[in-house]
Amino acid sequence: MRSHTFGRFTTAILALLSTALSASFTATLASAQNPQSPEFFSALDIFELEWALNPQISPDGQLVVYRRMGFDIMQDKRRGDLWLADVKKKTQRKLSSFEGNESSAVWSPDGARIAYVRSAGEGEGSEIYLHWLAEGQSARVTRLPETPKDLQWSPDGKQLAFVMDVKTDAPKIATRPEKPEGANWSKPPRLTDRMYHERDGSGYLEAAFSHVFVVPADGGTARQISSGNFHHHQPSWTADGSGLIVSGNRAEDWEYDYRNSELYRIALADGETTVITTTDGPDRHPELSPNGKHLAWLGYADKKEAFQVTRLRIADPDGSNVRELLGELDRSVKAIVWSADSSGLYFQYDDKGRTKVAFVSLKDKLKTLADNLGGTSIGRPYAGGSFSVSNSGVVAYTHTRPEYPAEIAIYQRSKVSLITQLNEDLLGQRSLGETREIWWKSSYDQRDIQGWMVLPPDFDPAQKYPLLVENHGGPILNYGERFSPEMQLFAAAGYVVFYPNARGSTSYGEEFANLLYHNYPGQDYDDTMSGVDAMIDQGFIDPEQLYVTGGSAGGIMTAWMIGKSDRFRAAAAIKPVMNWYSKTLNADNWYNYYHTRIPGTPWTNPDDYLRFSPISLVGNVNTPTLVMVGLDDLRTPPSQAKQLYHALKYRKVPTTLVELPGASHFIAKKPSQLIDKIGHILGWFERYR
């Protein structure tokens with residue numbers, strides 16, 4: 001596929017890329033690959049990476065349809081096609097001859113058809129297609145005004161349910177007079193009265209509500225079954241096919257009650273909507289058991305804290321007789337799937353930086369089945385990935401290790417086997433840095449803290465190496481034992497890379513992640529600095545060669561660390577938040593921070609909003625600091641990065657501002673900008689190494 005779909009880069013393309021890069025960046029890329037060891041992972045190898053997404057195993061467990069992802073070097077974007085892998089033969093083939101984006105594949109109950117979404121053509125958006133396995137043919141079955149998502153087959157295989165946005169009118173206050181013929185006036189004003197009106201990576205959101213539709217599986221007119229000015233998500237069919245269970249919030253004050261959602265039953269015949277749950281908190285991902293006797297979903301009673309573990313609940317289909325499974329598992333439950341015999345549910349959860357697939361019976365007996373799910377976050381080693389289950393209990397899932405991104409693995413009869421090797425032709429020819437786990441005690445309270453190090457590919461324990469600290473974002477997320485091109489490129493440049501899961505990280509339980517409640521940044525600083533000392537104690541770190549970077553919350557921690565310590569020779573703060581007062585009134589998710597992250601609001605509690613802002617420490621910073629941000633970042637807007645840059649510039653601290661045109665908060669979305677990010681961090685550190 002690499003040579004067929006995405007194309008090997010030619011000499012001319014390489015020359016073009018090299019010309020486009022700055023001289024210092026090009027030099028950094030060259031230094032990231034030892035000239036005596038050409039097999040090291042290099043920046044342009046990023047364009048050759050492939051990974052698997054959304055593996056869906058057939059009901060009989062013989063085939064897996066998945067989205068095979070890669071980078072298009074000519075269009076500078078991610079692209080994915082659907083492929084079919086044979087579980088037993090470990091062979092695969094492309095689902096259709098279509099060259100373009102295909103996604104969201106789901107098997108029909110009888111395993112004879114696959115419904116999926118693909119781009120219908122230039123300017124036509126995305127549509128639902130059906131693929132018939134026996135005939136090997138695909139056909140469009142919808143003509144929709146917006147992109148469909150959350151596809152779900154009806155139990156009898158005759159209908160498909162999906163979610164689609166339905167536009168509504170924006171507010172109107174005034175009307176322009178008619179302009180003269182041929183006049184070139186400005187665009188009309190854009191009005192909104194919504195709390196959530198823009199999204200990072202998408203920009204301004206047109207006024208719309210998410211509604212549930214059904215369409216005949218053989219094609220026809222899509223029919224909207226939900227109603228009202230409310231959002232509806234995650235439809236799940238009732239066992240008899242007469243209705244759908246959805247997640248949403250249909251309360252009058254829904255816009256301000258944004259942390260809450262309930263489950264509703266919508267009847268297909270007349271759209272009658274009945275509320276099922278009434279918990280104050282999120283109720284999501286409803287799944288009805290195949291025998292129709294049990295409703296399962298995920299949620300928690302909201303205590304308005306920084307983090308709470310997501311729980312698994314089951315009840316009768318009408319919502320009565322609610323009970324909780326996995327009460328002793330102090331980890332968030334994700335992605336539930338009923339077993340075919342309705343005896344229990346499969347699910348995934350993160351534990352100490354690794355993601356596992358497990359099964360829980362209705363008698364509340366837990367059995368962990370498979371490990372190392374993930375590898376879909378191409379950039380840094382975040383959690384991610386997914387799984388599916390056949391009628392006989394065969395599990396297909398995205399499998400990763402620090403040596404490769406997501407492949408398709410099969411769990412069957414207590415054994416795990418890989419059925420794809422998407423990167424063997426590339427990574428099998430590269431010498432990668434070894435990833436090792438490390439634990440240490442926090443100097444603040446002696447808590448056990450976990451992290452990892454990535455060693456240079458030609459590591460020699462008798463030598464001394466510079467240490468590059470890479471702080472994760474979130475901050476309530478986790479890093480782990482997963483493939484990361486960023487970490488590998490840092491290691492290939494001769495650094496020992498250290499990435500910690502300080503307090504606030506997930507996968508260690510509710511109490512640990514919630515330590516940042518009204519306390520961020522806080523003692524996560526002490527955890528990280530203690531980790532730096534633990535790394536130095538390994539004996540192969542030069543204590544005079546310390547560097548620090550991180551993005552988003554990692555950028556916050558980077559700015560916080562150099563505001564409290566002069567131990568680092570250089571820093572790179574990527575898309576940081578410097579000022580919580582302005583962040584929480586400017587970002588796309590501005591209202592999510594009030595009360596839970598910091599007490600009160602900026603206007604009721606300005607002292608804490610300043611106390612937890614890295615800008616309050618900027619007068620202490622002496623470390624040469626690179627500042628980077630995407631110009632289209634709506635999550636941590638460019639004004640945040642500029643506050644750090646301008647303050648350091650005013651104080652004559654060595655600094656440079658790197659602005660990435662067109663980049664959102666997800667800088668790694670475009671592979672060239674992922675390379676830009678890594679190259680500028682390395683180039684900056686090289687100045688002070």
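Colleague: Which residues touch the most other members of the largest nonpolar core?

Modeller: In this predicted model, the largest nonpolar core holds 91 residues. Helix α12 supplies the largest share of this core, seven residues. The residues that touch the most other members are Leu 467, Val 496 and Phe 685.

Colleague: How many residues form the second, separate core?

Modeller: The second core includes Ala 296, Leu 329, Val 333 and Val 360.

Colleague: Is Leu 326 buried or exposed?

Modeller: Leu 326 lies in the loop between β22 (323–325) and β23 (334–338). Leaving aside neighbours within four places in sequence, Leu 326 is in contact with Arg 311, Leu 312, Val 333, Phe 347, Val 360, Asp 364 and Leu 366. The relative accessible area of Leu 326 is 5%, and a value under 20% counts as buried. Leu 326 is therefore buried.

Colleague: How many residues of α5 are buried?

Modeller: The buried residues of α5 are Pro 485, Glu 486, Met 487, Gln 488, Leu 489, Phe 490, Ala 491 and Ala 492. Helix α5 is largely enclosed by the rest of the structure, because the number of its residues that are buried is eight of eight.

Colleague: At what angle do α5 and α12 pack?

Modeller: Two packed helices are described by the angle between their axes and the distance between the axes. For helix α5 (residues 485–492) and helix α12 (residues 671–687), the axes are 11 Å apart. The crossing of α5 past α12 is right-handed. The packing angle is about 35°.

Colleague: Are α7 and α8 roughly parallel or roughly perpendicular to each other?

Modeller: Helix α7 (residues 524–536) and helix α8 (residues 553–564) pack at about 75°, with axes 11 Å apart. Asp 524, Tyr 525, Thr 528 and Met 529 of α7 make the contact with Met 557, Trp 560, Met 561 and Lys 564 of α8. Angles from 65 to 115 degrees count as roughly perpendicular. The two helices α7 and α8 are therefore roughly perpendicular.

Colleague: What is the relative accessible area of Gln 673?

Modeller: Gln 673 lies in helix α12. Not counting residues up to four places away in sequence, Gln 673 touches Leu 660, Pro 661, Ala 663 and Ile 667. Gln 673 is buried, and its relative accessible area is 9%.

Colleague: Is Asn 579 buried or exposed?

Modeller: Asn 579 is placed in the loop between β36 (570–574) and α9 (580–586). Not counting residues up to four places away in sequence, Asn 579 touches Ser 613, Ile 615, Gln 640 and Gln 643. Its relative accessible area is 19%, and the cut-off for burial is under 20%. Asn 579 is therefore buried.

Colleague: Which residue does a cis peptide bond join to Gly 474?

Modeller: The omega of this bond is about 0°.

Colleague: What is omega for the cis peptide bond from Tyr 520 to Pro 521?

Modeller: Pro 521 is in the loop between α6 (510–513) and α7. For the cis bond from Tyr 520 to Pro 521, omega is near -10°.

Colleague: Is Lys 652 buried or exposed?

Modeller: Lys 652 is found in the loop between α11 (638–650) and β38 (655–660). Its phi is near 65°, a positive value in a residue other than glycine. The relative accessible area of Lys 652 is 77%, and a value over 50% counts as exposed. Lys 652 is therefore exposed.

How values were computed
Residues numbered from 1 in each chain as written. Predicted model: local features only at pLDDT ≥ 70, side-chain atom pairs only at ≥ 80, totals over all residues. Heavy atoms only, no water. Axes fitted to C-alpha atoms, helices over the stretch in contact; angles between N-to-C directions. Helix = DSSP H or I, 4+ residues; strand = E, 2+ residues; numbered from the N terminus. Left-handed = near helix turned anticlockwise from the far one by under 90°. Parallel < 35°, antiparallel > 145°, perpendicular 65-115°, else oblique. Contact = heavy atoms within 4.5 Å. Core = buried A, V, L, I, M, F, W, Y, C linked by side-chain atoms within 4.5 Å. Buried < 20%, exposed > 50% of the residue type's maximum accessible area, 1.4 Å probe, protein only.
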